[in-house]
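Here is a short walk through the aromatic rings and nonpolar cores of one model. Keep the structure in view as you read.

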Amino acid sequence: MEAAAELALRLRAAANDRLARYEPLALVAAPLLALLVARTLHATASAVADRGLVAIAIAAVKLLPGVSGYIAAEKKKVVDKMQSGGAKNNRRAELPTIGLAEQVIEELETLKAKDVDWQGKCSGTVYIAGSESEGHFQLINKAYSMFSHTNPLHQDVFKSVANMEAEVVAMTAALLGSKEKSSGGQICGNMTSGGTESILLAVKTSRDYMRSKKGITRPEMIIAESAHSAYDKAAQYFNIKVRRVPVNKEFLADVKGFKRCINGNTIMMVGSTPGFPHGLIDPIEELGELASRYDICLHVDLCLGGFVLPFAHKLGYPIPPFDFSVKGVTSISSDVHKYGLAPKGTSIVLYRNHEIRKHQFVAVTEWTGGLYVSPTIAGSRPGGLIAGAWAAMMSLGLNGYLDSTSRIMDVSKKIQRGIGEIPGLFVIGKPDMTVVAFGSDVVDIFEVNDIMSSKGWHLNALQRPNSLHICVTLQHTTVYDQFLKDLQDSVNTVKANPGPISGGKAPIYGAAGKMPDRGTVRELLVEFMDSSC
């Protein structure tokens with residue numbers, strides 16, 4: 001013990017002798033400078049990891065004299081082309097001096113007549129069969145009009161709407177595992193304005209829940225690169241870092257890649273069932289095991305599949321587990337306005353228990369207007385949409401949804417086989433549901449899309465790899481054969497006459513996909529949006 005003390009004294013004396021030759025100010029400044037250098041190196045390393053060396057180098061080049069002006073001019077050309085004759089300059093900017101009264105209906109009919117012919121020609125978009133003046137369309141429109149004056153914010157006044165919302169949520173939860181013993185028996189949720197709001201709320205709730213549970217203040221979430229862009233929106237809104245994992249060879253979420261990204265700041269992971277781009281179901285059971293092992297949240301995106309997969313499973317399709325019956329799933333989003341055949345603007349966000357959902361709510365106690373609490377992002381909400389969703393679900397029932405699912409699943413498989421038989425095209429992955437994505441190693445798939453657009457079709461253009469997809473709805477059950485014929489003809493046209501057509505978007509999509517500077521692509525999108533609304 002004495003030897004150790006003596007050694008310590010000797011080391012102290014030696015250190016003092018060595019440091020005595022330096023100015024006191026230098027001794028204070030040196031560690032501060034070292035700390036500054038370390039922080040700078042850490043920030044630089046983080047920037048390189050997040051943005052990449054190429055993006056940083058391009059950003060530096062943009063600072064050179066003349067470069068930024070040239071880029072701005074080129075961006076304007078691209079945005080003008082993307083606008084392709086928009087009618088923004090013809091929009092009204094002031095109230096009419098004298099109101100139009102009933103004549104406004106004629107004005108609406110004139111405006112509506114300028115819309116494109118959407119029946120049977122759009123990927124997704126309109127999920128109900130027929131025209132808007134008949135059948136199921138007419139029914140939900142009537143339900144909406146009956147309650148168009150209501151607002152669930154005023155539950156004491158519009159008790160009927162509050163009751164309908166609770167029933168829509170409960171019926172949706174029952175489809176997604178709430179009756180299974182493994183769900184815990186506490187599934188709860190709320191109606192929202194759409195899939196994006198459901199996702200925003202699930203992410204915000206997961207962030208706040210994990211902050212309360214684990215004290216995480218620099219939250220991160222892990223998503224596959226195929227996850228919907230709404231998760232990026234949520235990350236920007238709620239200051240969450242996104243760790244984006246490339247999909248595996250089957251274009252599914254890479255569980256091993258997810259595992260490598262988990263750290264002490266991870267609040268949640270996301271699995272899609274199916275993913276919007278390719279219609280493939282991520283391995284939810286494996287992700288659930290990861291979530292349980294590391295005690296983090298797992299959100300399942302059922303915005304597209306929530307009103308198909310439960311019925312497809314009952315019809316005998318090989319659907320892997322995807323709902324609250326899977327251990328580890330903490331929240332689910334499911335759109336009623338897609339395959340639930342409800343009016344636009346209706347979605348559901350569900351949670352495994354009330355303890356998690358409580359972190360979704362906003363309560364205000366110090367407002368002079370009184371005590372305030374709100375369950376979703378919107379305060380006032382249209383009760384007519386809730387009534388429309390309730391009417392859709394009650395009018396169709398289990399038998400109606402089984403019938404519609406059978407029809408669209410059957411047509412989806414026919415389209416999948418038909419695309420596979422077109423020389424030069426290939427189907428991406430093995431579609432599990434009603435989205436069929438396809439690409440080509442022979443022709444420019446975006447040129448094919450331009451030809452299809454000229455025939456009246458509205459498909460979704462995808463990237464990584466360059467491809468298109470069609471989201472099959474009841475609108476397609478009577479025209480799928482025409483779709484396949486037009487697709488075959490379009491491929492043949494591009495083979496015979498390769499190159500962009502006048503007014504086509506292929507050059508823009510192709511160039512955007514190849515640009516290494518994603519920052520410029522992002523700026524183009526923002527400029528386009530700013531000039532469009």
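**Rings and cores**

Start with a cluster: Phe307, Phe311 and Tyr401 together make up one aromatic cluster. The model is a predicted one.

Now widen the view. Searching the whole structure turns up seven aromatic pairs. One of them joins Trp367 and Tyr372. Their ring centres are 6.0 Å apart, with 90° between the planes, and the pair is edge-to-face. Tyr372 has 29% relative accessibility, so this residue counts as partly exposed.

Another pair is Trp457 with Phe483. Here the centres lie 5.2 Å apart and the planes meet at 75°; because edge-to-face requires over 60 degrees, this pair is edge-to-face too. Trp457 sits in the loop between helix 15 (445-454) and strand 12 (460-462). Phe483 belongs to helix 16 (residues 480-496). The pair therefore ties together parts that are 26 residues apart in sequence. Trp457 is buried, at 1% relative accessibility. Phe483 is buried as well, with a relative accessible area of 1%.

Next, the cores. The largest nonpolar core holds 91 residues. Val203, Phe258, Met269 and Tyr339 have the most contacts inside this core. Helix 14 (residues 383-420) gives the most to it, with nine residues.

Leaving aside residues up to four places away in sequence, Met269 touches several residues, among them Ile222, Phe258, Leu287 and His299.

A second, separate core has 24 residues. Phe483 is included in this second core, along with Met452, Leu459 and Ala506.

Technical notes
Residues numbered from 1 in each chain as written. Predicted model: local features only at pLDDT ≥ 70, side-chain atom pairs only at ≥ 80, totals over all residues. Heavy atoms only, no water. Phe/Tyr/Trp six-rings, centres within 6.5 Å; stacked < 30°, edge-to-face > 60°. Buried < 20%, exposed > 50% of the residue type's maximum accessible area, 1.4 Å probe, protein only. Helix = DSSP H or I, 4+ residues; strand = E, 2+ residues; numbered from the N terminus. Core = buried A, V, L, I, M, F, W, Y, C linked by side-chain atoms within 4.5 Å. Contact = heavy atoms within 4.5 Å.
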